[in-house]
Amino acid sequence: MLGRKALVFCSVVFALLSLGLYFAIAQFFLPYIDKPSLLLMSLVLGGSVSAALYLFIHKTFLEPYKQFKSQFDALAQTGTVSDRLTSSEVAGYSELEESINRLLEQVEQTQKDLQQSETRYAIAAAGTNDGLWDWDLKTDEVYYSARWKNILGLGNGVQATTPDTWLNRIHKDDQARVEENLKAHLAGRTDWFESEHRILHESGTYLWVLTRGVAIWQDQKAIRIAGSLTDMTKRGYFDPLTDLPNRNLLEDRLEHAFEKAKRDSQRKVALLFMDLNRFKIINDSLGHHIGDKLLQELAQRLSLCVRSGDTVARLGGDEFVILLENLESDAALMHIVDRIQRYICSDFKIEGHHIVNSSSLGIIPDIAGYPDTSEILRNADIAMYHAKNSKLSYAFFDPTMHKHVVAQQKLEIELRSALNKGELHLVYQPIVSLNEASVDSYEALLRWKHPVKGYILPSDFIPVAEETGLIVPLGEWILREACNELQKQQPNDITTVSVNLSGKQLAQPDLLERITIILQDSGLKANRLKLEITESSIIEDPERISVVLHQLKALGVQLCLDDFGTGYSSLSYLNKLPLDVLKIDRSFIQDMVSDKRSLALVRTITDMATELDMKVVPEGIESLEQVTLLQSLNCHYGQGFYFSRPVSFDEAKKLKQKPKGSTLTV
Ligand code: C2E
Ligand code: MG
Ligand code: MG
């Protein structure tokens, strides 16, 4: 191209020069030279100069340019920015070459950097197993990575370039929320876009995914937004039974809510820890299948109690956590707490079974006061236990609860080793025949002699043992100990021993077998053992307990209802259960002398129990006045400090040997 231009240029020079020469020469030499010769001379001279000019241009400019161009073309064709132009071959172009080579160096470096960051990104993207998307907001075109399509079950070949591929697949219940989150980010109200939602998979099912993205801005307008898609189902964020978020996701959201709460003090974030009160009983009696259905139904009900943006998560078993965000007032919190309780207390109908339930809630009303999230869940759990143990439907966490738990844990550790170190022993308190002033039987009571703290009262450590389940092995040891001690005695020394049985022991499925083995091992006749159970342990599951009690009765063991009047008395079960003895609680006996109503109650209970063929034993008799009063009510037995405090087995035997009618106080 340039060659042709040079040729045209030289031809023009040739024509103009020849013409110029012709007229110039003609002016001086025309009289001596004829015109044709003059023309020929001008043409030869003009041609020579033009040819020389062309040769000069060609050699000086065109040839190096050609060489340079062919090198440059070869470079462009290979596309390898690592090659360089070699200046030695192309004279005159060295400066340009140097500049180009410098440019190539820069391009090479940029390419390397880009490659490195692309590789890094590709590794990171593959590592997280996330799908990627990139939305050009100006053209409304979206790039979806192969992994993105793969998550949704779309083949790689599927053409997807519009936002609808994503937006139209979002579950209709989640659409508004996703759009709201997206708008908030594109309007610059949030630092990034983030939304968890369900999305339609090609198989027709919905997946839980997390979409995150960040916009790119130009002139304060978002022009592009790109981000990732995470398959939450695969990453273990959901509980497979209820489809609710699990602990992992809850912790993520709690972290998020915590950060938000720190920034915005206007809106409170509360956390509720919920546990069902009778789930174990339902599971054991109706089977796991019904238990699972109950949890599913419960999950649905709880989800109805909260607002969008709140989280209902299942931690496992019957433990649920509810994270309430954006609470505008304490009243709003209490409104939700109230709703949860109503929803849970109303009947569940599952495969023909009517299930009545209640729950215990531990509440952290405002998580913002915490230094970090680690203690929030733990404290809510502590508050929930407090509510459960205090038979409250809910309790707000307060720091004394934590102190109490720490003390309990310490006590539990000490109690575990107390058994092995021989710090525990039994004492026996006589149950006396009031008319004959003789010992009828004994109640075995546990004592703990702590090496440093001295005697620790059962009322201080039995509840800890109950709570931790330690009461089961402990209770078994007590039974064994009492049976062995009694069996070692001469037949008439001590006839019968009452042993207190905890509700936890009563709930053991193999209680009957365990007691049978203890009786066999000790050789004690079953009718010399009396088991004391409390009303509260019956109330947990009256029907199942009734079966257990009938089985124990059939074994020959006697049964006694302890602390009567303190529990949630339901008289209806009294004649259904095979009870031999009814113990009237100490509180009635104490008040009986001064309070007519207590006296009336003792009278009524005594009459009723006698009617039902049960022996009545008032507990906690401390004075002769009480004895006299009880005798007047036709009470034939009694127990209390007036007769004797609980004493060692050997002392108990001596009491038995005292002559009739004497006071038994030792
Ligand atoms: P309980 O079974 O009702 O035992 C009677 C409690 O009343 C005993 O307290 C006894 O010492 C006390 N007591 C008896 N007469 C009087 C009296 O006249 N005045 C007063 N103020 N108290 C009297 P203790 O030994 O402190 O036991 C308290 C509770 O701890 C028991 O109540 C029982 O529920 C539980 N407990 C004790 N030993 C055992 C055990 O071996 N197993 C289980 N599961 N619980 C036990
Ligand atoms: Mg008792
Ligand atoms: Mg009692």
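A polar contact is a pair of N or O atoms within 3.5 Å; within protein, one must be able to donate a hydrogen and the other to accept it. The model examined here is predicted. One such contact involves R314, where a polar atom of the side chain lies 3.0 Å from the backbone oxygen of G317. R314 sits in strand 7 (residues 311-316). Its relative accessibility is 11%, so R314 counts as buried. Beyond its neighbours within four places in sequence, R314 is in contact with D239, L241, T242, L244, P245, N246, R247, L295, E319 and F320.

Helix 8 spans residues 279-286, and its buried residues include F279, I281, I282 and N283. The cover over the buried residues of helix 8 includes strand 6 (268-276), helix 9 (288-305) and strand 10 (353-355).

The magnesium ion (ligand 2) is held by four side chains. E443 (OE), N500 (OD1), E532 (OE) and D562 (OD) coordinate this ion at 2.0 to 2.2 Å. Along the chain, the donors follow the spacing E-x56-N-x31-E-x29-D. E443 lies in strand 14 (residues 438-450) and E532 in strand 17 (residues 529-534), so the pair ties together parts that are 89 residues apart in sequence. Both E443 and E532 are buried.

Conventions: Residues numbered from 1 in each chain as written. Chains lettered and ligands numbered in written order. Predicted model: local features only at pLDDT ≥ 70, side-chain atom pairs only at ≥ 80, totals over all residues. Heavy atoms only, no water. Donors = N, O, S within 2.8 Å, 3.2 Å for Na, K, Ca; no water. Helix = DSSP H or I, 4+ residues; strand = E, 2+ residues; numbered from the N terminus. Buried < 20%, exposed > 50% of the residue type's maximum accessible area, 1.4 Å probe, protein only. Contact = heavy atoms within 4.5 Å.
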